[in-house]
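This report describes selected features of a protein model, from its ionic pairs to its chain interface. The structure is shown first.

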There are 2 protein chains.
Amino acid sequence: MRALDGLPDFPFTVEARDGAARAGRIETPRGTVLTPCFMPVGTKGTVKAIAPDRLRALGAQVVLANTYHLALRPGSEVVRRLGGLHRFMQWDGPILTDSGGYQVFSLRDTARVDDASVTFRSIYDGSKHAFTPERVIAEQQALGADLIMCLDQCPPGTAGLSEVSEAVRRTTGWAERCRRAHLKADGLGTDGPQMLFGIVQGGVVPELRRESVARLTDIGFAAYAIGGLTVGEDRTTMLDTTELTASLLPDDRLRYFMGIGDPEGLVEVIARGVDLFDCVLPTRTARMGTAFTSSGRLNLRNAENALSTQPLEEGCPCTACGGFSRGALRHLVMQKEILGLMLLTEHNLTFLTRLVSTARKAILSGRFASFRSSLNAAC
Amino acid sequence: MRALDGLPDFPFTVEARDGAARAGRIETPRGTVLTPCFMPVGTKGTVKAIAPDRLRALGAQVVLANTYHLALRPGSEVVRRLGGLHRFMQWDGPILTDSGGYQVFSLRDTARVDDASVTFRSIYDGSKHAFTPERVIAEQQALGADLIMCLDQCPPGTAGLSEVSEAVRRTTGWAERCRRAHLKADGLGTDGPQMLFGIVQGGVVPELRRESVARLTDIGFAAYAIGGLTVGEDRTTMLDTTELTASLLPDDRLRYFMGIGDPEGLVEVIARGVDLFDCVLPTRTARMGTAFTSSGRLNLRNAENALSTQPLEEGCPCTACGGFSRGALRHLVMQKEILGLMLLTEHNLTFLTRLVSTARKAILSGRFASFRSSLNAAC
């Protein structure tokens, strides 16, 4: 493994382990992040339907934003001129930006990839763009997040062996170029030092995962992400691949699983040694009228909620559970009232944040196995 | 003027006068309301895009909800079974419900009126309904607001003299029946005593306004509303009619102007002796991307805001002005992000609430005329 050549490397400490699960902390220039940690997604520079002060109050520690969207609207340079992403989003805690690769590759009909770049048409106006490793680093420097990502190629779950293998090779080359571009700027963005993550690809093929980890750790990153999962594979395979990949990654480095946000899934990837994760699921589910509860998902549209005076979840400290009845929340959902989206968003993020915090406490006190099985029993 | 026969009559005191403008206070069972007071509109049981705790924090004192909408969805009886409107909306301050008359009469194509009732088709499912004076009182009793309204007939601004005259006659008859229904229930709703307002009609015809006031004060109400304005007449006529009507109403009774919410208009009706008002304008304007500022309306869609690092309004204590740049807010508006609606809604309500509070202070200190002219100069 190569040294980091002085690149930003926010100190990460594993404080406790319980099986493969770990509880840790990252000391970022914008404060300490306790892990495991779920990051709400703020695609276009806002977590949908929730203000940053409430997000902070419910215990969110890191917020994610999407380079693809922000680079196209309003433009990374606009964000930079407006003072950078922290000012723009009014989030003074750590921010992570993805590289935009995932969004581009999900535009299968318009994306064309070769080793130099990936070209695609904007979802906003059809205009043609090319993302190179150098460009996505430059975009992320202009945006000014604290945690930034390499450009990677993320094949769909239906990809064949050769496509997945090709994606590993290309992702490796791009990682090298991203690191070089990052180093050239001394690891600095608009708003201070940025810690760059390498992204492991390899689909569900153990040999390719091994190869991807080996190549990336050769290049040397301060932290690693597990990409290319939850793209259609079955859950057992996803979890087996996570377990393998996490076990191959350096033990002293932060591990970020890209794209998981269902309560059961989170706990299972924590059990396999993942520290960080993000997903639109809790917020998107909320906007569809469904609340997470400790006895499973609650679809407020169901008529049985119409006269319910119960809260969504007894003891939950969110605004919705602070007095709104299920009946009132159902009315807001049925009438498509914005307050319904706001309250369910806050609730689902509160639910997940508390769940992950409980998982952390369980790891710290060596009770993770019983916590995990009690959760499986409840869901 | 008839005595109130023991009907609920929340004490109203005029604390100071400056010209016709007055500063006062209403002692309701849910707390003191300082007047003049702007009431945000929560049509379907929520002020759109803002949670009740923020509404309270920005200084809102009374919230209005619409009987028409709530009687149809989810149904007043459902609200009652869910604990009444205060629990339903999570608003522990005073609530005012309108009678639904205004909404019904704006459905010109389906509404049919005679002295017995007004029949109409629901905007939700086309089903047929009849509102009688007795029914709208019963609906409002079930909902459980603190301030409730008589059923009135509100003719459009284009109505001829005979239609307006007929509406005064009918509104008078309905007011008598509403008061009787109210008395029959001892002035009590689901959630405690309710203070009933009579509504003055008469269009822009001085003689009809005089007649309406005379008839309603004969019947005797604890408070009076000025209805039938801001329905298309020009502003000078509206203000002249307000001035006349307010001057005719009993000096010791609360006066509520139904449906005004632009900053300049509020100050002008305050100048004419109005204590209470409501309008969807500030919140609807916000959802269209326009912010109130002391130098006029600011349409965030305008390209000139794209790179502006300024706040909407220097010194405004709302969340938007707490750090969001105009550029960032413009981005949220352009991208139709819910947070944009939330922030502008909070801002516009904060702006109006502070404006009315400043008007109150000016009245209390005898400086209302200079406040009013400084505002006219700024706008």
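## Ionic pairs within helices

B:Arg210 is partly exposed, its relative accessible area being 39%. The model is a predicted one. The partner of B:Arg210 in a salt bridge is B:Glu207, with the closest N and O atoms 3.3 Å apart. B:Glu207 is exposed, at a relative accessible area of 53%, because the exposed class covers values over 50%. Both B:Arg210 and B:Glu207 belong to helix 8 of chain B (residues 206-219), where three residues, about one turn of the helix, separate them.

An α-helix has 3.6 residues a turn, so residues three or four places apart point the same way. In chain A, A:Glu166 and A:Arg170 both lie in helix 7 (residues 161-184), four residues apart, which is about one turn of the helix. These two residues form a salt bridge in which the closest N and O atoms are 3.3 Å apart. A:Glu166 is partly exposed at 32% relative accessibility, whereas A:Arg170 is buried at 9%.

## Salt bridges across the structure

Over all chains, the structure holds 60 salt bridges. Side chains of opposite charge can pair when their charged atoms come close. A network of salt bridges links A:Arg17, A:Arg22, A:Asp251, A:Arg255 and A:Asp275.

B:Asp53 forms a salt bridge with A:Arg54, and the closest N and O atoms of the pair are 2.8 Å apart. This pair crosses between chains, running from B:Asp53 in helix 1 of chain B (residues 52-57) to A:Arg54 in helix 1 of chain A. B:Asp53 counts as partly exposed, at 39% relative accessibility. A:Arg54 is buried, with a relative accessible area of 16%, because the limit for a buried residue is under 20%.

## The interface between chains A and B

Contact between the two chains involves 40 residues of chain A and 40 residues of chain B. The area buried between chain A and chain B is about 3,500 Å², and carbon and sulfur atoms give 61% of that area. Between these chains there are 14 residue pairs in polar contact, both residues being at pLDDT 80 or more. On the side of chain A that touches chain B, at least two residues each are supplied by helix 1 (52-57), helix 3 (76-81), helix 4 (85-89), helix 12 (326-334) and helix 13 (338-364) of chain A. The residues on that side of chain A comprise 20 nonpolar, eleven polar and nine charged.

Four salt bridges are counted between chain A and chain B. A salt bridge also joins the side chains of A:Lys48 and B:Glu337, at 2.6 Å from N to O.

A:Arg121 stands opposite A:Lys128 in strand 9 of chain A.

Helix 10 of chain A (residues 263-271) is mostly covered, as nine of its nine residues are buried. Among the buried residues are A:Pro263, A:Glu264, A:Glu268 and A:Ala271. Just after helix 10 of chain A, A:Gly273 adopts a positive phi of about 95°.

Technical notes. Residues numbered from 1 in each chain as written. Chains lettered and ligands numbered in written order. Predicted model: local features only at pLDDT ≥ 70, side-chain atom pairs only at ≥ 80, totals over all residues. Heavy atoms only, no water. Pairing = 2+ DSSP bridges. Buried < 20%, exposed > 50% of the residue type's maximum accessible area, 1.4 Å probe, protein only. Contact = heavy atoms within 4.5 Å. Buried area = accessible area lost by both parts, 1.4 Å probe. Polar contact = N/O pair within 3.5 Å; in protein donor to acceptor, adjacent residues only side chain to side chain. Nonpolar A, V, L, I, M, F, W, Y, C, P; charged D, E, K, R; others polar.
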